[in-house]
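Please keep the sequence and the coordinates at hand while reading.

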Amino acid sequence: MNEFDLIRQYFETPSVNRADVPLGIGDDCALVQPKPGFQLAITTDTMVDGIHFDSRLSPADIGHKLLAVNLSDLAAMGAEPCWISLATTLPEVNEHWLAGFSEGLFALAREFDVSLIGGDVTRGALTLSITAQGQVAAGKALTRSGANVGDLIYVSGHLGDAALALNHSQITQLPKDQQQQLEQRLFRPSPRVSLGQALVGYATACIDLSDGLSVDLGHLLKRSGKGASLMLDQVPTSSIARNLLGHEQAAKLAFSGGDDYELCFTVPAHHQEAIETISTDAETPVTLIGQVTSDSGLKLRFNDVPVNWKSQGFMHFYDQDQ
């Protein structure tokens with residue numbers, strides 16, 4: 001099977017037929033037609049074997065996660081996901097692997113009405129990339145740079161389970177069903193697309209949590225030129241993590257761990273009631289964890305006691321021995 005056979009068998013038949021794709025796979029470029037008055041939101045994420053996934057993930061898990069992390073970026077901008085292109089570098093043609101990978105990818109694509117419109121296949125070490133494109137009303141996209149002093153800081157879902165799942169030796173202490181719940185958070189994150197779109201017009205800034213709350217909130221605050229005061233005892237964690245680690249250690253992991261793919265966003269205090277309604281309508285819990293301040297940096301408290309929790313989060317080129 002050559003690369004053209006591979007594309008035809010596993011990727012060319014569309015699982016989603018969008019009316020705004022006049023020309024999809026098969027030409028040098030695809031053609032798409034955004035809505036009038038909308039802007040394109042474009043993001044690219046890459047997953048590398050041994051860095052972003054390992055043998056614990058099935059091919060279907062990998063396909064799901066590759067798309068999910070891109071959809072999470074679009075969610076953070078308040079954009080509607082529409083189109084993706086896929087670049088795969090494969091060490092060999094493994095039809096069983098490809099069938100599972102495409103199944104996981106297209107299952108999530110159908111859930112969010114996303115069309116695969118093109119891409120590339122090459123040979124080499126297993127590396128997978130998606131460029132995802134969405135659309136958002138002109139001038140309405142959520143960004144990292146709009147937080148204001150006094151804004152409330154929220155996060156969606158709960159944090160830390162994916163980071164806990166990475167510690168395989170630690171979670172083997174847990175019953176099998178709890179191990180699987182944690183691994184599900186790591187292997188199959190749920191992009192908060194509905195919540196992101198609902199926050200347009202309410203949130204002043206937003207970011208998705210891929211590298212850890214400490215790092216990603218830091219990016220948002222830096223772009224906004226602000227600081228924050230956080231109530232770390234309020235950071236939402238799962239009962240599994242709290243029972244295993246205790247409340248404080250679970251909060252530390254939630255603060256520093258990555259791979260959550262939840263949203264962290266800021267809103268003016270007068271929108272607090274609206275945010276509760278949005279959370280209910282989007283079927284996604286959100287939790288107030290702090291407030292934006294004029295001082296730079298993060299001021300951290302746990303049970304009203306100042307703490308100094310240091311965290312680098314996840315960085316590809318950070319020397320852990322520094």
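Which residues is F265 in contact with, leaving aside its neighbours within four places in sequence? Contact here means heavy atoms within 4.5 Å, and by that criterion the partners of F265 are L152, I153, Y154, L195, L199, A203, A205, C206, I275 and V286.

## Basis of the model

The model is predicted, so that local features need pLDDT of at least 70 and side-chain atom pairs count only at pLDDT 80 or more, whereas totals for chains, interfaces and linings use all residues. Residues are numbered from 1 along each chain as its sequence is written, and side-chain values use heavy atoms, with hydrogens and water left out.

## Overall fold and dimensions

The chain contains eleven helices and eleven strands, these being DSSP runs numbered from the N terminus (H or I over at least four residues for helices, E over at least two for strands). The radius of gyration of the chain is 20 Å, which agrees with the value near 20 Å that a compact globule of 322 residues would have; the radius is taken over C-alpha atoms, and the globule rule is 2.2 Å times the number of residues to the power 0.38. Taken along the principal axes, the C-alpha atoms fill a box of roughly 60 × 50 × 40 Å.

Of the contacts between residues at least 6 apart in sequence, 85% join residues at least 24 apart. R8 itself is found in helix 1, residues 3-12, and is partly exposed with a relative accessible area of 46%.

## Surface and charge

The accessible surface of the chain comes to about 15200 Å², with 47% of it belonging to carbon and sulfur atoms; the areas come from the Shrake-Rupley method with a 1.4 Å probe, and for residues only the protein chains shown count as cover. Buried residues make up 48% of the 322 residues, where buried means under 20% relative accessible area, exposed means over 50%, and partly exposed lies in between (1.4 Å probe, protein chains only).

The chain carries 21 positive and 38 negative side chains, and the centres of the two sets lie 5 Å apart. In this count Lys and Arg are positive and Asp and Glu negative, while His and the chain ends are not counted; each charge is placed at NZ of Lys, CZ of Arg, CG of Asp or CD of Glu.

## Nonpolar cores

In soluble globular proteins, nonpolar side chains tend to be buried together. A nonpolar core is defined here as a set of buried Ala, Val, Leu, Ile, Met, Phe, Trp, Tyr and Cys residues joined through side-chain atoms within 4.5 Å. The largest such core has 61 residues, and those with the most contacts inside it are F11 and F265. Helix 2, residues 59-76, gives the most to this core, with eight residues. Apart from it lies another core of 24 residues, among them A251, F255, C264 and F302.

## Individual positions

A79 is found in the loop between helix 2 and strand 2 (80-90), where it counts as buried because its relative accessibility is 0%. Neighbours within four places in sequence aside, A79 is in contact with A41, L74, G134, Q135, V136, V193 and Q197. V215, in helix 8 (residues 213-224), also counts as buried, at 10% relative accessibility, and its C-alpha atom is separated by 9.1 Å from that of G258, 43 residues apart along the chain.

Two residues other than glycine have a positive phi: E283, at about 55°, and N303, near 55°. G297 lies in strand 10 and is partly exposed, with a relative accessible area of 40%. G297 touches K226, G227 and A228, not counting residues up to four places away in sequence, and its C-alpha atom is 8.4 Å from that of K222, 75 residues apart in sequence.
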